[in-house]
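Look at the fold below with its pockets and helix pairs in mind. The walk goes from one to the other.

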Amino acid sequence: MLKLNNVDLHYGMIHALKGISLEVKQGEIVTLIGANGAGKTSTLRSISGLEKISGGEILYEGKNISHKADTRAIVSFGLIQVPEGRRIFPDMSVYENLLMGAYLEKDKNEIARRMEEVFAHFPRLKEREKQLAGTLSGGEQQMLAMGRALMANPKLLLLDEPSMGLAPLLVREIFSIIQKINERGTTILLVEQNARMALSIAHRAYVLENGKIVLSGTGEELSQSEDIKKAYLGG
């Protein structure tokens, strides 16, 4: 579904991604783990067209999207990102935030269907649909950011640090929801610093260090790796 071939990305003189190659197959949860500054967010931003790569190619459903001029075109293909930090609209209601996710959809019945599906995943959002998004808790704001992305009916969902700043109980809830979204047919590429949780739900995983992929395997294989345990799992 998604394939990166030898992707390079520069920020001025900084070589942020150095020949990244990875793939995501339809129906999978694939996770990218690594320390801060390893290039995880840069990888997602490159896929979404928010950063223009300086080498290599990005293929989505067989089409080269490496140099799409407009991120909106990439969104229209069903490739949707939930950014780090949630980026909700704080002065709009929960309901209005969710509607923003469906801005490309003109069919009111389809929008209503998606809304009901989001509320099925996130009952708390239904309870708070008239509440201003800025007054929600951190966990609820993360749910809203994910719900807004689901309103775009993604084929491939890019999640950037969904557990950041959340209490352990909420982290488990968010990861359970991620699995349910995947089970309903959405392919997921997950960037996450909580390596233990990410590997526990991932079909496959890649480890990024200093802009390079240094290790890959199934989630289970990497969770059992002594190097990974020492570096990321506190073992």
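Which helix gives the most to the lining of the second largest pocket? Helix α4, residues 108-121, does so, with four residues. This is a predicted model, and the description below should be read as such.

Stay with that pocket for a moment. The second largest pocket holds about 190 Å³ of space. Its lining includes R114, E117, V118 and H121. L150, N153 and P154 also line this pocket, as do I181, R184, G185 and T186. By class, the lining has four nonpolar, four polar and three charged residues.

Now turn to the largest pocket. Its space comes to about 610 Å³. Of its 24 lining residues, V75, I80, Q81, P83 and R148 are the closest to the centre. The lining of the largest pocket divides into 13 nonpolar, five polar and six charged residues.

Next come the helix pairs. Two packed helices are described by the angle between their axes and the distance between the axes.

The crossing of α3 and α6 is right-handed. On the α3 side, the contact is made by V94, N97, L98 and G101. On the α6 side, L144, G147 and R148 meet them. This contact has three nonpolar, three polar and one charged residues. R148 is also among the residues closest to the centre of the largest pocket.

Helix α3 also packs against α4. Here the axes come within 11 Å and cross at roughly 120 degrees. Angles of 65 to 115 degrees would count as roughly perpendicular. The pair α3 and α4 is therefore oblique. The crossing of α3 and α4 is right-handed. Y95, L98 and L99 from α3 meet I111, M115, V118 and F119 from α4. By class, this contact has seven nonpolar residues, no polar ones and no charged ones. L98 of α3 takes part here and also in the contact with α6. V118 of α4 takes part here and also lines the second largest pocket.

Follow α6 to its other partner, α7, residues 168-183. The axes of α6 and α7 come within 10 Å and cross at roughly 15 degrees. That angle makes α6 roughly parallel to α7. Again, α6 passes α7 in a right-handed crossing. From α6, the contact draws on G139, Q142, M143, M146 and L150. From α7, it draws on L170, E173, I174, I177, I178 and I181. By class, the contact of α6 with α7 has eight nonpolar, two polar and one charged residues. L150 and I181 belong to this contact, and both also line the second largest pocket.

Finish at M197. Where does M197 sit? Its place is in helix α8, residues 195-201. What does M197 touch, leaving aside its neighbours within four places in sequence? M197 is in contact with V171, R172 and F175. A102 gives a contrasting reference point. M197 and A102 are 95 residues apart in sequence. In space, C-alpha to C-alpha, M197 and A102 are 30 Å apart.

Technical notes
Residues numbered from 1 in each chain as written. Predicted model: local features only at pLDDT ≥ 70, side-chain atom pairs only at ≥ 80, totals over all residues. Heavy atoms only, no water. 1 Å grid on protein atoms, 1.4 Å probe; cavity = no way out; pocket = protein on both sides within 12 Å on 5 of 7 lines; lining within 4 Å. Points joined across faces, edges and corners; volume = space filled by probe spheres on them. Nonpolar A, V, L, I, M, F, W, Y, C, P; charged D, E, K, R; others polar. Helix = DSSP H or I, 4+ residues; strand = E, 2+ residues; numbered from the N terminus. Axes fitted to C-alpha atoms, helices over the stretch in contact; angles between N-to-C directions. Parallel < 35°, antiparallel > 145°, perpendicular 65-115°, else oblique. Left-handed = near helix turned anticlockwise from the far one by under 90°. Contact = heavy atoms within 4.5 Å.
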